[in-house]
Amino acid sequence: MHVVIIGGGIVGCSSAWFLNREGHQVTVLDTGEVLPNCSHGNAGYVCPSHFIPLATPGIVQQGLRWMLNRESPFYIQPRLNLDLIRWGWHFMRSANENRVSKAAIPLRDIALYSQSLYEQWTSLPEFRFGYEKKGLLEIFQTDAVAKHAADTCDKACEIGLTGTRLIGKEELQEYEPHLQFRALGAIWFPGDAHLYPQLLMEQLKSQLTSAGVQFIQEKATGFQSSAQQLKSVLTVQNSYPADAVVLAAGSWSGELARQLDLSLPLVAGRGYSLTRSNEDFQLQHPAILTEGRVALTPLEGGKLRIGGTMEIVPTNTPPNFNRMKGVLKAVKQFIPDKSIPFPDPKDIWYGYRPCSADGLPYIGRPGRWKNLVVATGHAMIGLSLGAGTGKLVADLIDHQPTAIHLQAFHPDRFK
């Protein structure tokens, strides 16, 4: 079977990996080079701890308060756009305690499944991408967030993330002996892991190319179909016949979904990151600075990745590097004795995360098409869920039972 995958990020490449191993001929279409996409510059978390979706109670009100702050960690560019309005309507409806609670088990299941597959990859000689299971610290400064952290900790233990617990300032110091945090404490998630995204993507693409997977640097622009079957994927230059199609185009999936008559509320959420030496920080564990919405990751080779922000903007919007000023300011607020000078803008990475309307990815076969699998909308946990999503895609293409239930991720849930 010839499978055409639209999108060369971690989800598309993971899908290609598992489909190739099942003997399928695979072509990956992507608009540009595979390596600089959002799978390259993220925090590298493989994080079962992230069982709370983006659409949570209070996030809309907080976002409105941040609208006029050019350095804020969350921003929605106001504009008259029907897709944005529709996404916002569903987002607000999803941001309630009941839906957040229902999302926890599906997000836990797919995260643990994906983590198990990454750990299988680490046993293969061709993969050395800095995978370490060192846990994650969610560090907080205020009493209000401390209360929310206690609730999160209780929920994590309730759903089986054993070992999750609150730690105080003194124990935080033991975990990070080289840094003086201005903080009340942290949640300790011992089951989380991290990896170096760039190494993973380089090695994955290299192995896929050696195995015969074809990468085509062309933008998918449309489809040829008959009845409920997609017959080929069109680009400006060519037409690529397909027995099956995987839509894994990240933040660009929405425009293609409209051509397929799919109801797939999706917006692009831009994030920024900076990678520098970890020498003067000597951070030992991945850490989230909760009030600042900043992620810190110690990467292989003595590197430190600093990232954050969520800008809901069109993908052709020029970057706003003031967001990185906000990120670095938050680091200073949590670690007062460390200062990071504002870098040259060319050293700041930015990319677009595909955000669904309820914070859960879209994974599955839409009823409209018999040979299409959708795999997008992972927001900030695309890397974490990447390997698992790829295996689920392969199982769906082959009409095999999946390891986890996919109803919560069904792409038709907003029809």
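This is a predicted model: local features need pLDDT of at least 70, side-chain atom pairs count only at pLDDT 80 or more; totals for chains, interfaces and linings use all residues.

Residues are numbered from 1 along each chain as its sequence is written, and side-chain values use heavy atoms, with hydrogens and water left out.

**Pocket**

The second largest pocket has a volume of about 450 Å³. A pocket here is an open set of points on a 1 Å grid over the protein atoms alone, where a 1.4 Å probe fits, with protein on both sides within 12 Å along at least five of seven lines. Its volume is the space filled by probe spheres set on the points, which are joined across faces, edges and corners.

The lining of the second largest pocket counts 22 residues; a lining residue has an atom within 4 Å of a point. Nearest the centre lie Asn-81, Asp-83, Arg-258, Leu-266 and Val-267. Three elements each supply at least two lining residues: α3 (82–94), α8 (253–259) and β14 (266–277). Helices (H or I, at least four residues) and strands (E, at least two) are DSSP runs, numbered from the N terminus. The largest share, four residues, comes from α8.

By class, the lining has eleven nonpolar, six polar and five charged residues. Nonpolar covers Ala, Val, Leu, Ile, Met, Phe, Trp, Tyr, Cys and Pro; charged covers Asp, Glu, Lys and Arg; the others, Gly among them, are polar.

Helix α1 (residues 10–21) has twelve residues. Its first and last C-alpha atoms are 16 Å apart, close to the 16 Å expected at 1.5 Å a residue. The expected span is 1.5 Å times one less than the number of residues. Ten of the twelve residues of α1 are buried (under 20% relative accessible area with a 1.4 Å probe, protein chains only; exposed is over 50%, partly exposed in between). Among the buried residues are Cys-13, Trp-17 and Phe-18. After α1 comes Gly-23, with a positive phi near 95°.

Helix α4 (residues 97–122) has 26 residues, which should span 38 Å at 1.5 Å a residue. Its end C-alpha atoms are 37 Å apart, which agrees. Still, α4 bends by about 30° at Ala-104. The bend is the angle between axes fitted to the seven residues ending there and the seven starting there. A proline, Pro-106, follows within four residues. At the start of α4, a side-chain oxygen of Asn-96 comes within 3.1 Å of the backbone nitrogen of Asn-98.

Which residue in the loop between β10 (220–226) and β11 (229–235) is of interest here? Ala-227 lies in that loop. Its phi is positive, near 55°, in a residue other than glycine. Ala-227 is exposed, with a relative accessible area of 66%.

Asp-261 lies in the loop between α8 and β14. It is not a glycine, yet its phi is positive, about 60°. Asp-261 is exposed at a relative accessible area of 58%.

**Buried residues**

| Residue | Relative accessible area |
|---|---|
| Met-324 | 0%, buried |
| Val-331 | 1%, buried |
| Ser-39 | 8%, buried |
| Ile-288 | 13%, buried |

Met-324 sits in helix α9 (residues 322–334). Met-324 and Arg-365 are 41 residues apart in sequence and 38 Å apart in space, C-alpha to C-alpha. Val-331 also lies in helix α9. From Val-331 to Leu-289, the separation is 42 residues in sequence and 7.6 Å in space, C-alpha to C-alpha.

Ile-288 lies in strand β15 (residues 287–289). Its C-alpha atom is separated by 17 Å from that of Asp-143, 145 residues apart along the chain.

Ser-39 is in the loop between β2 (25–30) and β3 (45–46). The C-alpha atoms of Ser-39 and Met-380 are separated by 10 Å, with the two residues 341 apart along the chain.

Methods
A polar contact is a pair of N or O atoms within 3.5 Å; within protein, one must be able to donate a hydrogen and the other to accept it, and residues adjacent in sequence count only if both atoms are side-chain atoms.
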